[in-house]
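Student: I am new to this structure and would like to learn how to read it. Could you take me through a few features, one at a time?

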Amino acid sequence: MEHLHSKNILMGDINLLNIMIDPDGEVFFVDTDSYQIDHFPCPVGTQDFTSREIFLEDEKYKKETGKNRSYSQYLRTRDDEYFALAVLLFEILFFEKHPYARQGGNSVKENIVEMEFVYPPGEEGGEKVPIGPYIEIWNHLMPEAKQAFYDTFAKDGAHSRAGTRLDATRWKEIMKNYLDTLLFHSN
């Protein structure tokens with residue numbers, strides 16, 4: 001993703017089905033015909049990986065025109081892509097559970113707009129965390145990863161708004177540190 005961004009290419013339609021890993025651990029991006037290149041928009045997308053800013057712009061567009069806006073009608077920003085990357089990493093670690101999934105929640109779109117991230121920044125809380133192993137997974141994340149996710153998805157998070165999001169390079173560092181910690185503790 002870092003390399004694509006350096007060439008002014010955005011994946012656009014980031015989701016778990018568009019990334020494959022072979023038995024040797026090599027990563028492949030598939031469905032590349034819809035990438036956003038320069039001023040040519042990515043015409044497709046998945047709500048789960050769509051940033052709050054896009055949804056808010058969509059609401060404004062609908063009020064002004066009376067019509068829904070399609071993905072092909074706007075250009076994504078790197079901040080939109082960074083949000084999608086954070087969702088992707090969260091879903092990988094949490095067995096495909098969305099970061100805004102919660103007990104008593106609404107649709108994914110509404111949950112993204114509301115930004116109610118139910119995982120606590122500390123060790124306590126999480127009453128609305130989905131039923132299953134998710135609070136245990138959260139509690140076992142290393143503090144750096146936990147803080148990065150919290151800051152990205154919580155309303156008051158340091159990286160929750162466009163212009164503040166962590167880029168692909170920083171997420172790579174965080175995930176590498178997490179992997180190194182897991183490998184160290186497994187030896």
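**Reading charges and rings**

Tutor: Helices (H or I, at least four residues) and strands (E, at least two) are DSSP runs, numbered from the N terminus. This is a predicted model, where local features need pLDDT of at least 70 and side-chain atom pairs count only at pLDDT 80 or more, while totals for chains, interfaces and linings use all residues. Residues are numbered from 1 along each chain as its sequence is written, and side-chain values use heavy atoms, with hydrogens and water left out.

Student: What do the side chains of Asp180 and Lys176 form?

Tutor: Side chains of opposite charge can pair when their charged atoms come close. Here Asp180 and Lys176 meet in a salt bridge, at 2.9 Å from N to O. The term stands for a side-chain nitrogen of Lys or Arg within 4 Å of a carboxyl oxygen of Asp or Glu. Asp180 is partly exposed, because its relative accessibility is 35%; buried means under 20% relative accessible area, exposed over 50%, and partly exposed in between (1.4 Å probe, protein chains only).

Student: How many salt bridges does a search of the whole structure find?

Tutor: The search finds 10. One of them joins the side chains of Asp58 and Arg69, at 2.7 Å from N to O. That pair links distant parts of the chain, 11 residues apart: Asp58 is in helix α2 (residues 52–65) and Arg69 in the loop between α2 and α3. Asp58 is buried, with a relative accessible area of 15%, and Arg69 is buried at 16%.

Student: Which residues are linked in a network of salt bridges?

Tutor: The network links Arg102, Glu114, Glu116 and Lys128. Within it, Arg102 forms a salt bridge with Glu116, their closest N and O atoms being 3.5 Å apart. Arg102 has 12% relative accessibility, so this residue counts as buried, whereas Glu116 is partly exposed, with a relative accessible area of 26%.

Student: How far is Asp79 from the nearest side chain of opposite charge?

Tutor: Asp79, in helix α3 (residues 78–93), is buried yet has no salt bridge, and the nearest side chain of opposite charge, Arg165, is 4.9 Å away. For charge, Lys and Arg count as positive and Asp and Glu as negative; His and the chain ends are not counted.

Student: Now the rings, please. How many aromatic pairs are found in the whole structure?

Tutor: There are 17 aromatic pairs. One is formed by Phe90 and Phe149, edge-to-face, with 5.3 Å centre to centre and 90 degrees between the planes. Rings of Phe, Tyr and Trp (its six-membered ring) pair if their centres lie within 6.5 Å; planes under 30 degrees apart count as stacked, over 60 as edge-to-face and the rest as tilted. Phe90 in helix α3 and Phe149 in helix α6 (residues 143–153) are 59 residues apart, so this pair links distant parts of the chain. Both Phe90 and Phe149 are buried. Phe149 also pairs with Trp171, and that pair is tilted: 5.0 Å centre to centre, 35 degrees between the planes. Because Phe149 lies in helix α6 and Trp171 in helix α7, the pair ties together parts that are 22 residues apart in sequence.

Student: Which aromatic cluster do they belong to?

Tutor: One cluster has among its members Phe90, Phe149 and Trp171, as well as Tyr100 and Trp138.
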